[in-house]
Amino acid sequence: MLSIQENLQRIKSSIPSNVGLVAVSKFHPNEAIMEAYSCGHRMFGESRVQELQQKQLSLPNDIEWHFIGHLQTNKVKNIVSFVSLIHAVDSEKLLAEISKEGAKKSRIVPCLLQVHIAQEEVKFGFDADELRTLLSKNINRLYPNAQVCGLMGMASLTSNMEQVRLEFRGLKQLFDELKRTYFSNQPQFCQLSMGMSGDYTIAIEEGSTLIRIGSSIFGSRS
Ligand SMILES: *Cc1c(COP(=O)(O)O)cnc(C)c1O
């Protein structure tokens, strides 16, 4: 079995330099994170608020923490002072809360809007029309302390890689349309977070700028 460092190096050397790699460390101990940290990796992703808070307190300050899971509005305040990017904003209410809590900490908090692209019913996220409706409002004025930097999506859990590819392709098309229509003079709208251990190669081919990899780096989660 390869070590965490070997896994990281293998993935990094196989992806373009303009694609960011979020090492998804959820359910893995601090020692595993430090193994990746000690070979220079700084971008880590967590999906539970309490776990993220504990890790942030005990690990080095120059780690860039990404929150990739479903975030409840009542927990925004716990991470807003330090989080680098919130990947899965799935309601206007959550965006409003991030802005409100960000303002209290004098921060502008980078966020991505989660789009529902999979066929499963359970996944969170906006559909295309809901996004157009939201972005037709002046969200920069309404929510000045939450900065929308792009979109995030998760493909269906299926072995049909053609379907996965089409879902990523649809998300990229939506990203381009929204950028053109609502963010034409706003270079910060530039991130497309898609791709996990099982599908990141396809996601990159379809235009991902940020992949979120857990098990291919750290092994399976218990
Ligand atoms: C757990 C998780 C990942 C990483 O999944 P792997 O298949 O282990 O790479 C990526 N994105 C989200 C939103 C996750 O919850």
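Partly exposed describes a residue with a relative accessible area between the buried limit, under 20%, and the exposed limit, over 50%. That term will come up in each of the views below, which show a predicted model.

**View 1. Glu 92 and Lys 137 meet in a salt bridge.** The closest N and O atoms of this pair are 2.7 Å apart. Glu 92 belongs to helix 5 (residues 92-104), while Lys 137 sits in the loop between helix 6 (128-136) and helix 7 (139-142), so the bridge ties together parts that are 45 residues apart in sequence. Glu 92 is partly exposed, at 24% relative accessibility, and Lys 137 is partly exposed too, at 35%.

**View 2. Asp 129 pairs with Arg 132.** Here the salt bridge spans 2.8 Å from N to O. Both residues are in helix 6, three residues apart, which means that about one helical turn separates them. Arg 132 has a relative accessible area of 25%, so Arg 132 counts as partly exposed.

View 3. Lys 172 is partly exposed because its relative accessibility is 26%, and Asp 176 is partly exposed at 30%.

**View 4. Shared partners build a network.** Taking the whole model, the count comes to 13 salt bridges.

Terms used:
Residues are numbered from 1 along each chain as its sequence is written. This is a predicted model: local features need pLDDT of at least 70, side-chain atom pairs count only at pLDDT 80 or more; totals for chains, interfaces and linings use all residues. Side-chain values use heavy atoms; hydrogens and water are left out. A salt bridge is a side-chain nitrogen of Lys or Arg within 4 Å of a carboxyl oxygen of Asp or Glu. Helices (H or I, at least four residues) and strands (E, at least two) are DSSP runs, numbered from the N terminus. Buried means under 20% relative accessible area, exposed over 50%, partly exposed in between (1.4 Å probe, protein chains only).
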